Amino acid sequence: DPKYATTHHWYAWYLFMVERFDEALASLRRAQELDPLSLIINDHLGYALLLAGKPQEALEQLVKTRELDPSFPWTYWRLGSVYIALGRHD
């Protein structure tokens with residue numbers, strides 16, 4: 001079903017595994033469009049941006065994810081990874 005966010009979400013990870021990074025990000029962005037309040041989709045989009053070498057975009061995405069639900073623990077782990085990538089150890 002092309003309108004099922006979860007399909008786009010997990011297909012994106014397949015695309016990452018076969019090194020089709022631009023397509024993977026597009027698939028995750030589509031998943032986010034279909035389900036903008038999904039914490040895991042928003043979190044994974046931030047993580048994917050980091051893996052794709054876009055740490056500043058990842059930071060922006062993960063800050064938005066944290067705003068959706070400050071108690072969602074995965075976001076803090078990802079944010080830590082982004083801060084390390086940006087050299088922001090403080």
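Valine 18 sits in the loop between helix 1 (5-17) and helix 2 (21-34), where helices are DSSP runs of H or I with at least four residues, numbered from the N terminus. The model is a predicted one, in which local features need pLDDT of at least 70 and side-chain atom pairs count only at pLDDT 80 or more, while totals for chains, interfaces and linings use all residues. Residues are numbered from 1 along each chain as its sequence is written, and side-chain values use heavy atoms, with hydrogens and water left out.

## Surface around valine 18

With a relative accessibility of 36%, valine 18 counts as partly exposed; here buried means under 20% relative accessible area, exposed means over 50%, and partly exposed lies in between (1.4 Å probe, protein chains only). Together with Tyr11, Tyr14 and Met17, Val18 makes a nonpolar surface patch of about 430 Å². Such patches are made of residues with over 30% relative accessible area and no salt bridge, with nonpolar side chains (Val, Leu, Ile, Met, Phe, Trp, Tyr) joined within 5 Å and like charges within 9 Å. The accessible areas come from the Shrake-Rupley method with a 1.4 Å probe, and for residues only the protein chains shown count as cover.

In soluble globular proteins, nonpolar side chains tend to be buried together. In this model the largest nonpolar core has 16 residues, of which Phe16, Leu25, Leu28, Ala48 and Val82 touch the most other members. Helix 1, helix 2, helix 3 (39-51), helix 4 (55-68) and helix 5 (73-85) are the elements that give two or more residues to this core. A core is defined as a set of buried Ala, Val, Leu, Ile, Met, Phe, Trp, Tyr and Cys residues joined through side-chain atoms within 4.5 Å.

Leaving aside residues up to four places away in sequence, leucine 28 touches His8, His9, Ala12, Phe16, Ile41, His44, Leu45 and Ala48, where contact means heavy atoms within 4.5 Å. Leu25, another of the core residues with the most contacts to other members, is touched by lysine 54, which also touches Leu49, again not counting residues up to four places away in sequence. Lysine 54 is found in the loop between helix 3 and helix 4 and is partly exposed, with a relative accessible area of 29%. The C-alpha atoms of lysine 54 and alanine 85 are separated by 9.7 Å, although the two residues are 31 residues apart along the chain.

Glutamine 56 lies in helix 4 and is partly exposed, at a relative accessible area of 42%.

## Aromatic pairs

Rings of Phe, Tyr and Trp (its six-membered ring) pair if their centres lie within 6.5 Å, and planes under 30 degrees apart count as stacked, over 60 as edge-to-face and the rest as tilted. By this rule the count comes to 6 aromatic pairs. The rings of phenylalanine 16 and phenylalanine 21 have centres 5.5 Å apart and planes at 55 degrees, so this pair is tilted. Phenylalanine 16 is buried at 7% relative accessible area, whereas phenylalanine 21 is partly exposed at 36%. Tyrosine 47 and tryptophan 77 form another tilted pair, 6.0 Å from centre to centre and with 35 degrees between the planes. This second pair links distant parts of the chain, with tyrosine 47 in helix 3 and tryptophan 77 in helix 5, 30 residues apart. Ring pairs link Trp13, Phe16, Phe21, Tyr47, Trp74 and Trp77 into a cluster.

## Salt bridges

A search of the whole structure finds 4 salt bridges, each being a side-chain nitrogen of Lys or Arg within 4 Å of a carboxyl oxygen of Asp or Glu.

Arginine 78 in helix 5 and aspartate 43 in helix 3 link distant parts of the chain, 35 residues apart. Arginine 78 is buried, with a relative accessible area of 5%, and aspartate 43 is buried as well, at 0%. Glutamate 57 lies in helix 4 and arginine 29 in helix 2, so their pair ties together parts that are 28 residues apart in sequence. Glutamate 33 and arginine 30 are 3 residues apart in helix 2, separated by about one helical turn.
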